[in-house]
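Here are my notes on the model you sent over.

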Amino acid sequence: MTLSVALRHDFGSFALDVGFEAPPGLTVLFGRSGSGKTTLVNAVAGLLRPDTGRIAVDDWVLLDSAAGRFLPPHRRRLGYIFQEGRLFPHLTVQQNLRYGGFFAPKGAKRESEARVVEMLGIGPLLARRPGALSGGEKSRVAIGRALLAAPKLILADEPLAALDEARKAEILPYFERLRDEVETPILYVSHSAAEVARLATHVVVLQAGRVIRQGAAAEVLGDPEVTPLGAHAAGALLESRVVAHHADGLSELSVEGQRLLLPRVSAAPGQTLRVYVEAADVMLATRRPEHISALNLLEVEIRAIRRGDGPGALVQLSMGRTALLARVTRRSVEGLGLAPGQRVFAVLKAVSVAKGNVAGR
Amino acid sequence: MLDGLTQPLSPAEWSAVALSLRVSLWATLVSLPLGVFTAYALARWRFPGRELLNGLVHLPLILPPVVTGYLLLLTFGTRGPVGGLLQEVGIVFAFRWTGAALAAGIMAFPLMVRAIRLSVEAVDPKLEEAAATLGAPRLWVFATVTLPMILPGVIAGAILAFAKAMGEFGATITFVSNIPGQTQTLPSAIYAFLQVPGGEGAALRLVLISVVLALSALLASELLARRVAKRVAGQ
C-alpha cells in the first residue's frame, strides 16, 4: 500500500506546500523542528483541514479538496502514536489497548491482542493505569494501542523525543519489528539522523514547509547537498553483512567487498546490518596510512565536495554503489588537493561507531 | 426559644422539608444534562453569540432574585407567552411546586455551569483528538473520554446546585408565592414562621435541618469527588 500526499495550507506566517509518496515500509518525515513535520502528519490524520490537497492510501481517498471530500479523523482508520503517548488516564492499560479495536469495522483485518502484548512486552502492565507507568512503558502501550485499532495507516510523531537515551534504545527495536512484521505503511516524524538511519526505508526531507528531497534512506542520507540538520550532523548509511566475530571483541563486516571492523554486534554471521557512519568520524588520506591505530581503511573514490560557509567541507565518497560522507576542513581539502574522481582512503575508528547506529537490515 | 429544638416536627414543617428536597432534586436532575452541555459548549466551541449565552447563564447570579422571580412570572405565568402555550398542553408552573423547581433550577444554573466548565477546561483536548484518531465518533469521544474525566466537576456542580436550590428564596416566593404544602419550601417556611408570634421554635428546628442538610451535601460531594478524581488521575 502506498500513501500519496499533496497539500497546501497557509498559516499566514508559515505555508506548507508539499507532495510526496510513501511506499510500503517505514517512511521518515525528516527535518528540523519548525519545518512543518507535525503539521503535515496532523493533516494526514485529519486533525487539520488543509486549504487544498489530496491524500490517499492506494485508491482509498482520505481528502480531496477538489471533490469536496474530507474524511473526519475517526473514519480514517489510523493508528496515531503521539509524542506524549496521550494514553487515557482513567482507563487501565488493557482498556487503552482495546479502545481503538472497539470502533474498528467488524471484518477488519486486525492484529491479535496476545501477539501485540507479547511483542511489546506489556503483559505485566495490563491491569495498571497510565499514571503508574514509566516513560518507556507508556510509549510501548501507545504503540500497542495504535496497532490494535486495526489501522490502515500508522502515524508516529516523534514517538521517542520525550525519552532519554536508554529508553530510546529500548523502544527503537519495537519500531524495527513494526516495520518488518506489520504490512501497514508507517509515516514516522523525526529530527534525529540516528532514528532515520535505523528505521527508514524511505525518507522525505522537509525544510520550511517544503519537500527538498525524497528517496531511499541510504540515497538521501549519502547526499552532501541534503543536510537538513546542518553539515555537522551529516552521516551516511552503509549496508553491510556480518562475516565473523573475532575473539578480541570485534566483529568483522563486509561492505561492498571491503572489510569493516566494529565493536561486537549482536547479529549472527551472514546477517545483513545497516551501519550509520557520522561524517565527522571519517578522516581522509591520499596515501595508505601506516602505523595508525584506526582499524578501518576503506578504499573510496571522491564523488563530490561541498564547501560550507564556515571552515568545513563535506566530501561525498563512493565504494561501488554505496555512498560515504566525510566532514573535513576546507584547509585539508586545499592542502591535500582533493578533487572529484580522485581515489583516497577513508579512515574510520572502529570505536567511533556507536552501538545505537548499528541495526538489523 | 431553644426549647423549640426538643419538640418533634409538626406535619406542616415536615411537608416543607419534603417539598424542599423534592424541588431541589428535580431542579438539579433536570438541569444537569443541560448544564453539562452548556458548560461544554462554552468551554470548547467558538460560535457567534457565545458571550451572549455566557451572560445569559450568569444573569440569575447578578440580578436581584426578586427580579428573576418576576421575570419568570411574566414569562411562565398562565398569561405569559411561554406559560400560556405550556398551559394548553397541560404544563403549569405558576403557584405549583414545579414552578418552585423551575425557579430553583434557574437560580442554581450558573453555579452548576461554572463548576462543570472549569473541569471541562482542565481536560486536555489532545486526549479527545487521540480518541478520534482511534476511530471514536464525536459523541463516543465525549462519553468515553470527556465525561469520565469531568465527572468530579459534574458531581461538584450538581451538589452545589442542589444546595443552592435548597436555599432559594427570593425568586421562588416571587414566582410561586408561599402556599403551605404547595410551594412553601424550607426557606419560605422559616420566613413564614418568623412572621407570626411564637413561631421561633418551629423556625429554629427548620434552620437546624437546613444546616444539617447543607453540611451533609457538602461532605458527600467531597467524598465522592475525591474518589472519582483518584480514579481519573490514573493511579
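This is a predicted model: local features need pLDDT of at least 70, side-chain atom pairs count only at pLDDT 80 or more; totals for chains, interfaces and linings use all residues.

Two residues are in contact here if their C-beta atoms, placed from the backbone, lie within 7 Å. Residues are numbered from 1 along each chain as its sequence is written, with chains lettered from A and ligands numbered from 1 in the order in which they are written.

1. Let's start with how chain A is divided. The assignment gives domain 1 (3–221) and domain 2 (235–360); such bounds come from an automatic or database domain assignment. The centres of the two domains of chain A, taken over C-alpha atoms, are 32 Å apart. Across the boundary, 9 residues of domain 1 of chain A are in contact with 11 residues of domain 2 of chain A.

2. What supplies the domain 1 side of that boundary in chain A? Helix 5 (165–181), helix 6 (193–199) and helix 7 (217–221) of chain A each put in at least two residues, and helix 6 of chain A has the largest share, 4 residues. Helices (H or I, at least four residues) and strands (E, at least two) are DSSP runs, numbered from the N terminus. By class, this side of domain 1 has 7 nonpolar, no polar and 2 charged residues. Ala, Val, Leu, Ile, Met, Phe, Trp, Tyr, Cys and Pro count as nonpolar, Asp, Glu, Lys and Arg as charged, and the others, Gly among them, as polar.

3. Strand 1 (residues 3–10) and strand 2 of chain A run antiparallel, joined by 8 bridges; strands pair if DSSP finds at least two bridges between them. The two make a hairpin with 4 residues between them, and A:Gly12 in the turn has a positive phi of about 90°. A:Arg8 sits opposite A:Asp17 in strand 2 of chain A.

4. Strand 2 (residues 15–22) of chain A is worth a look for its alternating side chains. A residue is buried if 20 or more other C-beta atoms lie within 10 Å of its own, exposed if 12 or fewer, and partly exposed in between, with C-beta atoms placed from the backbone.

5. Most residues other than glycine have a negative phi. A:Arg86, however, has a positive phi near 55°, and A:Glu158 has a positive one of about 40°. A:Arg86 lies in the loop between strand 7 (78–81) and helix 2 (93–103) of chain A, while A:Glu158 lies in the loop between strand 8 (153–157) and helix 5 of chain A. Are they buried or exposed? A:Arg86 counts as buried because it has 23 C-beta neighbours inside 10 Å, and A:Glu158 is buried too, with 21 other C-beta atoms within 10 Å.

6. On to an open sheet in chain A. Its 5 strands come in the order 14-13-12-15-21, with antiparallel pairing, and strand 14 (258–263) and strand 21 (358–360) of chain A are the edges, each pairing on one side only. Strand 12 (residues 235–245) and strand 13 (residues 250–255) of chain A pair over 4 bridges; A:Glu252 in strand 13 is the bridge partner of A:Ala244.

7. Chain B has 10 helices and 0 strands. Of its 235 residues, 43% count as buried. Its C-alpha trace spans about 70 × 45 × 30 Å along the principal axes.

8. Finally, where do the chains meet? 18 residues of chain B are in contact with 20 residues of chain A. Helix 6 (125–133), helix 7 (138–167) and helix 10 (200–232) of chain B each give two or more residues to the chain B side, and helix 6 of chain B gives the most, with 6 residues. That side of chain B has 11 nonpolar, 4 polar and 3 charged residues.
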